[in-house]
Amino acid sequence: MYLGSIALVAVSLVAYQLAQRANTAGANPWVPLLVAYVVGAAVCIVALVLTEDFGLDAIRAAPRGSIWLGISIVGIEFGYLEAQRSGWHPASVGLVGNISATLILAVVAALFLGDRLSFRASAGMGMCAIGLAVLVSSR
């Protein structure tokens, strides 16, 4: 499942960016998000019913982080949708968004979660920061 999960992420991110691109028409941006979440909720309910005990106990046992996950997902979706509507290309917006988030997360993890950054990781982050600057400056 180790490589399979990354393959699922990669394929899903490609499908996600292409779907976001298809949603860039002049429609209200909240409508495609609502439709996406209804479909996503239906997929999650079917998966839950097929794999676990489904009921109020399962919902009550959900970690509190699930609430923040839901809020952050809406921010990600709306941000990507608006970025593409404002002219960002799918590959660029995905790259800039992911590099930015990774750099911020690395600093937050080092400062507040006790993660240690090796020289190799720091050098990689530096290269990512340079690449990010090049990508953003070309806009």
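Me: Buried means under 20% relative accessible area, exposed means over 50%, and partly exposed is what lies in between (1.4 Å probe, protein chains only). With that in hand, is Ser72 buried, partly exposed or exposed?

Reply: A quick word first: this is a predicted model, where local features need pLDDT of at least 70, side-chain atom pairs count only at pLDDT 80 or more, and totals for chains, interfaces and linings use all residues. Residues are numbered from 1 along each chain as its sequence is written, and side-chain values use heavy atoms, with hydrogens and water left out. Now, Ser72 sits in helix H4, a helix being a DSSP run of H or I with at least four residues. Its relative accessibility is 34%, so Ser72 counts as partly exposed.

Me: How far apart are the C-alpha atoms of Ser72 and Leu3?

Reply: Along the chain, Ser72 and Leu3 are 69 residues apart.

Me: Which residue forms a salt bridge with Arg85?

Reply: A salt bridge here is a side-chain nitrogen of Lys or Arg within 4 Å of a carboxyl oxygen of Asp or Glu, and the count comes to 1. The closest N and O atoms are 3.8 Å apart, and the partner of Arg85 is Glu82.

Me: What separation do the C-alpha atoms of Arg85 and Ala7 have?

Reply: Arg85 belongs to helix H4. Ala7 is 78 residues from Arg85 along the chain, and their C-alpha atoms are separated by 28 Å.

Me: Which helix gives the most to the lining of the largest pocket?

Reply: A pocket is an open set of points on a 1 Å grid where a 1.4 Å probe fits, with protein on both sides within 12 Å along at least five of seven lines, and lining residues have an atom within 4 Å of a point. The largest one is lined by 21 residues, with Ser12, Tyr16, Tyr37, Ile73 and Glu77 nearest its centre. H1 (2-22), H2 (30-51) and H4 (65-85) each supply at least two residues of that lining. With 8 residues, the top contributor is H2.

Me: Is Leu105 buried or exposed?

Reply: You'll find Leu105 in helix H5, which covers residues 90-112. Its relative accessibility is 54%, so Leu105 counts as exposed.

Me: How many disulfides does a search of the whole structure find?

Reply: A disulfide is a pair of cysteine sulfur atoms within 2.5 Å. As for cysteines, Cys44 is exposed at 53% relative accessible area, while Cys128 is partly exposed at 35%. Searching the whole structure, the number of disulfides found is 0.
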